[in-house]
Amino acid sequence: MIRKLLVANRGEIARRVFATCRTLGIETVAVHSDADVDAPFVTEADQAVRLPGNTAAETYLRIDLILDAARRCGADAVHPGYGFLAENAEFATAVTDAGLTWVGPPAKAIAAMGDKLAAKALLAEADVPMLPTWTDPAQVTSFPVLVKASAGGGGRGMRVVRDADGLAAAVEGARREAAAAFGDGTVFIERYVERGRHVEVQIFGDSFGTVVALGVRDCSIQRRHQKIVEEAPGVLGDEARERLHEAAVAAGRAVDYVGAGTVEFLLAPNGEIHFLEMNTRLQVEHPVTELTTGLDLVRLQLLIAEGGALPLAATPTATGHAIEVRLCAEEPAHGYRPATGTLHRFAVPGVAAEFGALAVPGLRLDSGVVDGSAVSIHYDSMLAKVIAWAPTRVEAARALAGALARAELHGVATNRDLLVHVLRSPQFAAVDIDTGFLDRHPEVFAALLPAEQHPLVALAAALASAAARRAAATVLAGLPSGWRNVPAFPQVARFAAADGDDIEIRYRLDRAGRLTEWSASPASTGTADGYGGTPAVSLVEAYPERVVLDVDGVRRVYRVHRVGSEVFVDGPDGAAGLTELPRFPLPTAELAAGSLLAPLPGAVARVHVEVGQRVTAGDLLLTLEAMKLEHPVLAPTDGLVTELPVPAGGQVDTDAVLAVVTPDEESPS
């Protein structure tokens with residue numbers, strides 16, 4: 001029987017495992033990097049052990065350090081979570097060789113499924129349907145195809161290629177990314193199915209030979225081949241569901257599977273199913289299965305690891321519908337690249353449970369962060385999973401979208417608006433979904449806050465800031481906020497917006513504190529009412545954290561949160577993060593023309609050009625690695641590379657100069 005469990009992972013999955021351990025009376029041990037020393041999962045564990053360093057390679061991927069931590073704490077079992085070492089057969093073997101209980105499938109099964117090419121060959125013999133596959137690019141004769149990494153997952157190393165001209169470059173890029181992410185650059189090529197749905201079956205096996213399917217999940221909504229919306233049960237016909245269950249159970253039995261696993265398939269428009277891969281671990285999206293089956297999958301993992309038998313012998317009947325979204329730290333204004341910073345406020349309204357079951361339909365939150373959490377460059381960008389469970393799919397989508405839209409997410413940019421638009425789209429409601437959904441519906445990438453509402457948000461920020469200053473005043477504190485004894489000159493406030501533009505607000509208040517006039521203009525126009533006119537507004541009330549405006553006869557409430565010069569406004573139409581600008585800014589150093597700045601902290605992985613080399617617009621200059629992804633830095637114009645201040649391997653902060661390309665008309669002859 002397990003007494004003390006070490007979780008060899010971090011973030012929300014560590015907290016998820018700890019939650020079940022608390023209900024079962026199992027003591028918990030966390031391991032953590034220096035970057036995670038103050039993370040919630042560390043403080044929630046009964047004991048914690050520091051792994052010196054910040055990067056995953058220095059810490060969470062060190063088998064020797066993790067086993068030493070287990071020894072020092074007296075842990076008798078190890079749960080790998082997901083990611084890092086969760087699908088590492090060497091780690092599973094090392095844990096069992098150390099005399100510890102391994103909460104996962106046997107090392108033999110992990111090894112068999114970890115190599116996707118070998119897994120395809122093995123499962124093809126068990127009559128699991130497969131897509132045509134090639135290992136040699138020269139063998140490919142029809143397109144489109146998908147280049148995939150043989151080791152690892154999460155969409156890394158994956159490339160869609162639509163013609164022969166792009167195949168060689170895609171294979172090389174996939175090899176490089178796979179080697180960086182998984183330590184193995186082996187890739188293969190698979191036929192790409194247009195408008196296919198990504199569906200998967202949760203399976204469980206025990207040491208007595210039982211393998212059971214726990215239902216089908218649909219994970220078709222993906223960006224960069226990474227899942228962002230998952231649901232259960234997948235909306236399928238009974239025949240397709242049964243075929244998926246049978247194929248998944250056959251895959252599990254082919255490798256004598258024990259523990260939690262997921263068999264992933266592509267469902268083609270013609271109804272054919274094709275095996276993609278088998279993940280030998282708990283999946284990120286496991287909560288939707290838990291909510292629709294009533295099962296605690298971590299509890300089942302622990303039960304099986306202790307040698308117990310599965311408490312069910314057949315697929316349970318699903319109750320209701322569950323939808324999960326992955327809320328990630330990403331910059332919508334910059335192509336959804338990973339974002340870093342301090343999460344000043346993280347509040348999702350209406351959460352009924354965290355990391356566990358719901359007694360009645362509602363919201364569940366599985367989060368790795370809390371107010372004040374730092375989002376660093378070292379790990380994945382996912383902040384939390386928000387899950388809605390309801391009697392019907394329509395109700396689950398509506399409840400989840402509403403909670404996300406009202407959430408207060410301050411300090412770090414997120415993909416929240418994208419998720420809300422997907423959940424509210426008529427195509428999602430009609431189950432008109434597949435892995436190319438986001439490519440076909442660019443409208444879902446729009447901000448929730450319409451451009452015409454930007455002036456009102458900035459006005460609310462200006463009035464809240466004025467109220468805060470008045471509340472802190474010690475001289476003439478009884479005067480109304482914003483009132484001036486020289487009415488010819490209005491109050492002026494300027495804010496920098498996330499889209500890069502500045503907003504200038506001008507307003508006047510009378511002696512009674514009433515708003516008598518106001519205007520807004522973007523700095524790019526330099527003209528008053530540059531937004532095409534401002535609506536009639538009267539001020540109902542203004543406090544440092546709450547502003548109520550009457551806009552054309554409709555009352556609107558704005559919640560305002562200020563951190564230094566940053567002002568976060570949550571209103572009825574969406575949210576905005578603004579930076580209040582000083583009225584008299586200090587001069588700053590001027591950058592050389594053609595300077596290319598780091599979009600986020602990271603490391604320069606490769607430099608592809610040399611100083612003095614002539615480049616054309618769009619040429620690849622260097623590759624920046626951050627948050628497990630590669631970010632290409634391209635030449636913005638034709639010109640000459642005149643500076644490369646950071647060598648390969650060099651670490652950079654946001655806005656550091658990576659390269660300078662002098663345009664042709666300015667290049668020295």
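The largest cavity in this predicted model is lined by His79, Pro80, Gly81, Ala86, Val103, Gly104, Pro105, Ala260, Thr280, Arg281, Leu282 and Gln301. By a cavity I mean a set of points, on a 1 Å grid over the protein atoms alone, where a 1.4 Å probe fits but cannot get out; lining residues have an atom within 4 Å of a point. The model is predicted, and local features need pLDDT of at least 70, side-chain atom pairs count only at pLDDT 80 or more, and totals for chains, interfaces and linings use all residues. Residues are numbered from 1 along each chain as its sequence is written, and side-chain values use heavy atoms, with hydrogens and water left out.

The space in the largest cavity is about 40 Å³, where a volume is the space filled by probe spheres set on grid points joined across faces, edges and corners. Its lining has six nonpolar, five polar and one charged residues; Ala, Val, Leu, Ile, Met, Phe, Trp, Tyr, Cys and Pro count as nonpolar, Asp, Glu, Lys and Arg as charged, and the others, Gly among them, as polar.

In total there are two cavities of 30 Å³ or more. The second largest cavity also holds about 40 Å³, and its lining comprises Trp102, Val103, Gly104, Gly259, Ala260, Gln301, Ile304 and Ala305. Helices (H or I, at least four residues) and strands (E, at least two) are DSSP runs numbered from the N terminus.

I turn now to the packing of H10. Helix H1 (residues 11-24) packs against H10 at an angle of about 65°, with the axes 9 Å apart; axes are lines fitted to C-alpha atoms over the stretch in contact, and angles run from 0 to 180 degrees between N-to-C directions. The two helices, H1 and H10, are therefore roughly perpendicular (65 to 115 degrees). The contact (heavy atoms within 4.5 Å) involves Arg16, Val17, Thr20, Cys21 and Leu24 of H1 with Leu297, Val298, Arg299 and Leu302 of H10. Six of these contact residues are nonpolar, one is polar and two are charged.

Finally, the second largest pocket has about 1300 Å³ of space. A pocket is an open set with protein on both sides within 12 Å along at least five of seven lines. Of its 44 lining residues, Glu331, Pro332, Ala413, Ala498 and Gly577 are the closest to the centre. Strand E32 gives the most to this lining, with five residues.

Technical notes: Parallel < 35°, antiparallel > 145°, perpendicular 65-115°, else oblique.
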